[in-house]
Amino acid sequence: EKETHVVGLFGELAVAKFFLEHYSTNLESFWQKDGNSSKYDFTLPTFNIEVKSSVGSPFQANIKHDQIFNNDDVILATCCIENNSSGSTILELIDELKIKFKAFKELRTSVLLEERLLHIPVDEQSIHFATKEIKLFQTKEINPFPVLPERVKGLKYFLDITGLPVVDPQKLVP
């Protein structure tokens, strides 16, 4: 998939913007706590948020099973985006977060953003996306494989989230 890097970063930042816009909650200091090797996109004191982004629908989250279905308290945030000429480029979204919301200005997150942008080809940086929908799920409630055979390791699959029970974002706001 050509747009993987830009789609992933756009989704993470769209989720951050969602919490800023609707709940005045800045998740910046919880974003990519261990840099690019972070297990989760956002690591909060009592739970983690892993963002999965997809272009188009029906939404299918690309899942690394052990990453989100484990003993940690994990919220799966799905971000459905579309190619939309009236949407924002990744650079415009970053500017909006920094200027309108006064977010993503910490040195650590600014450096991380720049590092991530280096992995996004210039032509992808000019693609306009619009966020169609963000949904949150408690992974303990949606695990399609509650018991995995002992020999199964590194399971990866696409999970169709249609009709799964969602979490009210208000309940997550610190």
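The lining of the second largest pocket in this predicted model divides into seven nonpolar, three polar and five charged residues. H1, H3 and strand S5 (129-138) are the elements that each give two or more residues to that lining.

**Second largest pocket**
- The volume of the second largest pocket is about 210 Å³.
- Its lining is made up of 15 residues.
- Nearest the centre of this pocket lie Ala 14, Lys 17, Glu 21, Thr 131 and Ile 134.

**Largest pocket**
- The largest pocket has a volume of about 890 Å³.
- It is lined by 28 residues, and Thr 4, Gly 8, Val 51, Lys 52 and Lys 64 are the closest to its centre.
- At least two lining residues come from each of H1, strand S2 (48-55) and strand S3 (60-64).
- By type, the lining of the largest pocket holds eight nonpolar, twelve polar and eight charged residues.

**Helix H4**
- Helix H4 covers residues 107-118, twelve residues that at 1.5 Å a residue should span 16 Å. The C-alpha atoms at its ends are 17 Å apart, which agrees with that expectation.
- Thr 109, Ser 110, Leu 112, Leu 113, Arg 116 and Leu 117 are the buried residues of H4.
- Viewed down the axis of H4, these buried residues fall within an arc of 165°, so they line one face of the helix.
- Leu 107 and Leu 118 are exposed, and they sit on the face of H4 turned away from its buried side.
- The cover over the buried residues of H4 includes helix H1 (4-23), helix H3 (90-99) and helix H5 (122-125).

**Phe 101**
- Leaving aside residues up to four places away in sequence, Phe 101 touches Lys 17, Leu 20, Glu 21 and Glu 96.
- Lys 17 is 84 residues from Phe 101 along the chain, yet the C-alpha atoms of the two are separated by 8.1 Å.
- Two of the residues that Phe 101 touches, Lys 17 and Glu 21, are also among those nearest the centre of the second largest pocket.

Methods. Residues numbered from 1 in each chain as written. Predicted model: local features only at pLDDT ≥ 70, side-chain atom pairs only at ≥ 80, totals over all residues. Heavy atoms only, no water. Helix = DSSP H or I, 4+ residues; strand = E, 2+ residues; numbered from the N terminus. Expected span 1.5 Å × (residues − 1). Buried < 20%, exposed > 50% of the residue type's maximum accessible area, 1.4 Å probe, protein only. Arc of directions from axis to C-beta. Contact = heavy atoms within 4.5 Å. 1 Å grid on protein atoms, 1.4 Å probe; cavity = no way out; pocket = protein on both sides within 12 Å on 5 of 7 lines; lining within 4 Å. Points joined across faces, edges and corners; volume = space filled by probe spheres on them. Nonpolar A, V, L, I, M, F, W, Y, C, P; charged D, E, K, R; others polar.
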